[in-house]
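Visitor: I have a structure open and want to learn how to read it. Can we go feature by feature?

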Amino acid sequence: MDTFKTLASRGLLIVDDDRAVREMLAEGLSSFGYTTRTASSAEEALRVINELSPAVVLSDIDMPGENGFELLRRIKGSDPDLDVIMVTGAIDAGTAVHAIRHGASDYVTKPFNLDEVQIVIDRTLEKRRLLLENRDYQERLEELVTLRTHEVTEKKREVERLFGELQQSYESSLQALVTALDFRDNETQGHSYRVVEYAILVAGKLGVGDPALSWVRRGAILHDVGKIGVPDAILRKPGKLTAEEWAEMRKHPEMGFRMLEHVAFFEPALDIVLSHQERWDGSGYPRGLAGEQIPLGARIFAVVDTFDAMTSNRPYRAALSIQDARDEIQRCRGTQFDPKVADAFLAIDHRLWQQIRDRVHSDILALDEQVRRITR
């Protein structure tokens, strides 16, 4: 209701070339509490509007010079929110529709009934009040939405930052675990770092993208975590393992899976941990999966894991050359290895494998030096 009073206090402008009509309307509407001004022409009306900014204009249609429709057009052109009520001397539906269509808020007819004129003015002011309050509500709502959107965006950034820190913490923990495993198993030092890079390279060749690529990477990092449960006498044995020792070693995929299965963060990576020793022909372990029953990440890892084993020195045999290892991958295509994965591996320039080996070797030497400095 305050908005209504504010609008009404801005007053009314009565525009009519007939002085008697102007004075009658001004006197009558003043008695209802309105502040009124009058103008005898469109030009005078525009000057008053610029001076006073009235809430409502009552304008006669038939006036010499610019008529009421022309005044209406000029008012709406400069201030679309100023309400104009047209005054017509005849009950003409066509004239009324024309006035409304061109921006008039309402119309009244001569001869006047001041009570009806008051009702039309009050109705016009009430409509304007509702319009202004709705507009104000919309603006405040937009501001509120903008504010809330900003708050949500900031919260989202904060969550993303914290999630990134959590991921980094997990990654650091993984790297520490892998380093510990590699130092424990002297024969395979650097193995985990190499197979991670190999697996990412082959997965990329197969068109694997994030987030799946990230889980291939994490699965490759974690693949041998179950070896924590393998006795040192077996894990670090310099010669070939006996049948009983192999039976114990073959438990490491399931042990690794059981160690990590309750950690939700690692769940998508556990396919590689559990299935990296499966074979395409079904002769692998621990579950004897075959073909595409084996998760893709595990099929990728099986190739690069075997490749790294063949190209690494062992006490009981020297490392194969990269080319000899590639020939062996080709020979086992379709039996031990998924043919598509083997083909992707073989399509990668052999020099990339040597570059990865050299880089990891350099990193391991640097890490060894750091350990020596710490333990002196």
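Guide: Start with threonine 88, which stands opposite threonine 109 in strand E5. Keep in mind that this is a predicted model.

Visitor: How many bridges join E4 to E5, and do the strands run parallel or antiparallel?

Guide: E4 and E5 (residues 106-109) run parallel, joined by 4 bridges.

Visitor: Which strand pairs with E4 over 5 bridges?

Guide: Strand E3 (residues 56-60) does, again in the parallel sense. Look for serine 59: methionine 86 of E4 stands opposite.

Visitor: What unit do E3, helix H4 and E4 make?

Guide: A right-handed β-α-β unit, with H4 spanning residues 68-78.

Visitor: Where do side chains point in a regular strand?

Guide: They alternate between the two faces of the sheet. Now try E4. Asp83, Ile85 and Val87 point one way, while Val84, Met86 and Thr88 point the other way.

Visitor: Are those residues buried or exposed?

Guide: All are buried. Buried means under 20% relative accessible area. With 6 of the 6 residues of E4 (residues 83-88) buried, the strand is largely enclosed by the rest of the structure.

Visitor: Now a helix. Which residues point the same way there?

Guide: Residues three or four places apart do, because an α-helix has 3.6 residues a turn. Take helix H15 (residues 339-346): 6 of the 8 residues are buried, so H15 is largely enclosed by the rest of the structure. The buried ones are Pro339, Val341, Ala342, Ala344, Phe345 and Leu346.

Visitor: What reaches the backbone nitrogen of lysine 340 at the start of H15?

Guide: A side-chain oxygen of aspartate 338, to within 3.0 Å.

Visitor: What describes a pair of aromatic rings?

Guide: Two values: the distance of the centres and the angle of the planes. A search of the whole structure finds 5 aromatic pairs. One of them is phenylalanine 307 with tryptophan 353, a tilted pair at 5.4 Å centre to centre and 55° between the planes.

Visitor: Which helices does that pair link?

Guide: Phenylalanine 307 is in H13 (residues 296-310), and tryptophan 353 is in H16 (residues 350-375). The two residues are 46 apart, so to speak, in distant parts of the chain. Both phenylalanine 307 and tryptophan 353 are buried.

Visitor: Which residues form the aromatic cluster?

Guide: Tyr198, Phe307, Phe345 and Trp353 form one cluster. Phe345 is also among the buried residues of H15.

Visitor: What lies over the face of tryptophan 215?

Guide: Arginine 218, at 4.6 Å from the ring centre.

Methods
Residues numbered from 1 in each chain as written. Predicted model: local features only at pLDDT ≥ 70, side-chain atom pairs only at ≥ 80, totals over all residues. Heavy atoms only, no water. Buried < 20%, exposed > 50% of the residue type's maximum accessible area, 1.4 Å probe, protein only. Pairing = 2+ DSSP bridges. Right-handed = clockwise from strand over helix to strand, strands pointing away. Polar contact = N/O pair within 3.5 Å; in protein donor to acceptor, adjacent residues only side chain to side chain. Phe/Tyr/Trp six-rings, centres within 6.5 Å; stacked < 30°, edge-to-face > 60°. Lys NZ or Arg CZ within 6 Å of the ring centre and 35° of its normal.
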